[in-house]
Structure formats: C-alpha cells, structure tokens
Amino acid sequence: MIPLAKKAQPAAIAVLRQATALCPHRKRASDGLLPSKEHVKHNPNSDHNSGYAVDLTHDKLGGINCFDLFQKLRKDPRVKYLIFSGRIWSEEKGEREYTGPNKHNKHIHISIKEGYGNDTSPWFPWMGKPKAINKVAARLKPKPKKEIT
C-alpha cells in the first residue's frame, strides 16, 4: 500500500487551479486530489494516496474536454499515466483498455511522475492564458461549510 499523504503535491493542485483559471464556469463535481477511505480500501496502490494524482471533471461545454486532454497531456513529461473513458495511457505501455471498476467517464485521472511534484508550470498551454481575475479566483480557498445545529 502506498502511504497516505496529508497534502496533495503542488503539481496536482496546479491542475485544478489552472483549469479553473482558464475555465471559471467549468463543472467540478468529479474533481479530486486525496482519496477517501473507500478509495484507499479498493485502490491501496493509487497515486492519489501519495498526492501525485488528480481527477479533473469532464465538462466540454465548460471548456474542459477530457477527450482532448487525454491526447494532449501525453506530451507532458510530468505525466506518468492517464485514464479516461475506459482507456489508459502510459509512455511505457501506450494506450489500451482500462479494466478497473471505475471507467473514468466523468473525469480524467492524471498521475504525476515522482520528481515532478513541485512543477506547477502550465498544464494546458494550448488553451492560452487566463484572465488575471480568473487566476485570483482560482487561488481563493472556499470557506468551510457551517454546521447546522
């Protein structure tokens, strides 16, 4: 089992922040960094456990087309492997069918190679640069939810 990280790697966090800065109205329902207890139980060797993985919600209308990302991110040297729409790709094995229980139809899974955890350079350079206001908004942390008593 991969030991559980307390915090996601900066490169993984950057994927979500940059996607939000570029596409501020995108859906985020399937975004994810660190795993739930259930995920760890079923996937003890997931890169999410170490903080070296990120899930990014597929939202073509909102500007995040994971079909495109699945092709274009292959060129990024930080990428260890990608999973989307029942397919997995890695540099070592190429593209093939993904046989895991979650076909990743609602998000793309991006695993980051060790040694690149602090690399926050642009993940989506072909999408242009975000507006300054969107960069600020993407960096803001949401307020914690209030408990109803």
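How many disulfides does the structure hold? The count is 0, where a disulfide is a pair of cysteine sulfur atoms within 2.5 Å.

Before you start clicking: this is a predicted model, in which local features need pLDDT of at least 70 and side-chain atom pairs count only at pLDDT 80 or more, while totals for chains, interfaces and linings use all residues. Residues are numbered from 1 along each chain as its sequence is written, and side-chain values use heavy atoms, with hydrogens and water left out.

Select cysteine 23, which is buried at a relative accessible area of 8%; buried means under 20%, exposed over 50%, and partly exposed in between (1.4 Å probe, protein chains only). Then pick cysteine 66, also buried, at 0%.

Next, show strand β1, residues 53–57. Strands here are DSSP runs of E, at least two residues, numbered from the N terminus. In β1, 5 of the 5 residues are buried, so the strand is largely enclosed by the rest of the structure. Ala53, Asp55 and Thr57 point one way, Val54 and Leu56 the other. In a regular strand the side chains alternate between the two faces of the sheet.

Alanine 53 has serine 111 as its bridge partner.

Now move to β2 (residues 79–84) and β3 (residues 87–90), antiparallel and joined by 4 bridges. Their hairpin has 2 residues between the strands, and serine 85 takes a positive phi near 50 degrees.

Finish on serine 90: this residue is the bridge partner of tyrosine 81 and stands opposite glycine 94 in β4. β3 and β4 (residues 94–97) pair antiparallel over 4 bridges, forming a hairpin with 3 residues between them.

Terms used
Pairing = 2+ DSSP bridges.
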